[in-house]
Amino acid sequence: MQKLIITAAICGAEVTKEHNPNVPYTIEEIAIESEKAYKAGASIIHLHVRKDNGTPTQDRERFKSCIEAIKDRCPDVIIQPSTGGAVGMSNVERLQPLDLRPEMATLDAGTCNFGGDEIFINTENAIKEFTQKMIELCVKPEIEVFDKGMIDMAIRLQKKDFIKTPMHFNFVMGVNGGITATPRDLVFMEESIPKGSTFTVSGIGRSEFQMAAMTIIMGGHVRVGFEDNVYIKKGILAKSNSELVEKVVRLATELDREIATPHEAREILGLLPKGYIGEACK
Ligand code: KMH
Ligand code: ZN
């Protein structure tokens with residue numbers, strides 16, 4: 001079985017200090033949380049950025065400053081900016097971090113309800129626009145799927161050459177409007193992706209660690225972090241993203257699954273030179 005890649009989604013766009021005062025907003029807070037998560041065992045930081053007052057932004061310069069601050073503290077960690085941003089942002093706004101040519105970025109593969117009146121919009125043409133820009137800039141997409149139909153969308157686009165293989169998916173499970181976080185649905189999602197693909201699972205809210213345990217056993221990879229869940233256990237807020245990562249490391253250790261370093265994660269995901277899209281990316 002592959003070593004376990006742990007992704008830390010340290011702040012997201014929706015969660016606030018009202019939910020947990022330890023959610024990072026400022027560049028320094030984001031860099032400190034990233035370093036703690038990395039030291040605890042995360043090899044990927046899934047990155048959203050905020051203005052100092054917590055407002056989500058996709059501003060290129062803010063991403064640049066945050067990435068530099070993270071790299072100062074942990075130079076080898078993989079940084080995966082979000083192109084999802086926050087509900088309601090325009091595509092132009094969301095695409096900005098790609099200009100910084102990160103190794104990876106998220107590619108949201110469909111539209112879904114996001115609770116209340118919120119709709120997270122990703123039309124087919126928008127997905128094509130995002131993935132074409134990723135191909136042009138040699139950015140490996142992590143394909144965010146909130147439901148099974150989004151896997152089918154990614155497979156259709158891959159057949160038309162909009163997405164390269166091997167594909168890497170993130171099953172986001174338990175969003176109010178997406179697929180539920182149950183063992184049955186996890187198996188269904190895993191069986192629906194093409195052979196040779198890799199997958200990570202983000203269990204939302206209380207399902208975070210149950211989904212992590214199942215995924216560790218199934219050979220997938222795990223994402224945790226304040227973006228998805230702010231509790232270390234029922235009713236107890238996590239002091240840092242690193243506590244959430246440490247809990248996954250404990251689960252993996254008990255289940256005899258070794259943790260991947262960033263270098264090993266790059267090998268698994270094909271991010272090393274000549275890996276992703278090959279010569280064209282040098
Ligand atoms: N904040 C959500 C609307 C991503 O990072 O690509 C979208 C999201 C997915 O978080
Ligand atoms: Zn995100």
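Trainee: How many Å separate a polar side-chain atom of Glu 14 from a nitrogen atom of ligand 1?

Mentor: Please bear in mind that this model is predicted. A polar contact requires a pair of N or O atoms within 3.5 Å. The pair formed by a polar side-chain atom of Glu 14 and a nitrogen atom of ligand 1 has a distance of 3.0 Å.

Trainee: Which pocket does ligand 1 take up?

Mentor: There are 13 residues around ligand 1, and those that come nearest include Ser 82 and Asp 108. By class, this shell has three nonpolar, six polar and four charged residues. The space that ligand 1 takes is the largest pocket.

Trainee: How many residues apart in sequence are the parts that His 48 and Glu 227 tie together?

Mentor: The zinc ion (ligand 2) is coordinated at 2.1 to 2.2 Å by His 46 (NE2), His 48 (NE2) and Glu 227 (OE). In sequence, these donor residues follow the spacing H-x1-H-x178-E. His 48 lies in the loop between β2 and β3, and Glu 227 in the loop between β12 and β13, so the pair ties together parts whose separation in sequence is 179 residues.

Trainee: Is the peptide bond from Thr 165 to Pro 166 cis or trans?

Mentor: Most peptide bonds are trans. Pro 166 is placed in the loop between α5 (148-159) and β10 (168-173). With omega near -5°, the bond from Thr 165 to Pro 166 is cis.

Technical notes
Residues numbered from 1 in each chain as written. Chains lettered and ligands numbered in written order. Predicted model: local features only at pLDDT ≥ 70, side-chain atom pairs only at ≥ 80, totals over all residues. Heavy atoms only, no water. Near = heavy atom within 4 Å. Polar contact = N/O pair within 3.5 Å; in protein donor to acceptor, adjacent residues only side chain to side chain. 1 Å grid on protein atoms, 1.4 Å probe; cavity = no way out; pocket = protein on both sides within 12 Å on 5 of 7 lines; lining within 4 Å. Sits in = over half its atoms within 2 Å of the grid points. Nonpolar A, V, L, I, M, F, W, Y, C, P; charged D, E, K, R; others polar. Donors = N, O, S within 2.8 Å, 3.2 Å for Na, K, Ca; no water. Helix = DSSP H or I, 4+ residues; strand = E, 2+ residues; numbered from the N terminus.
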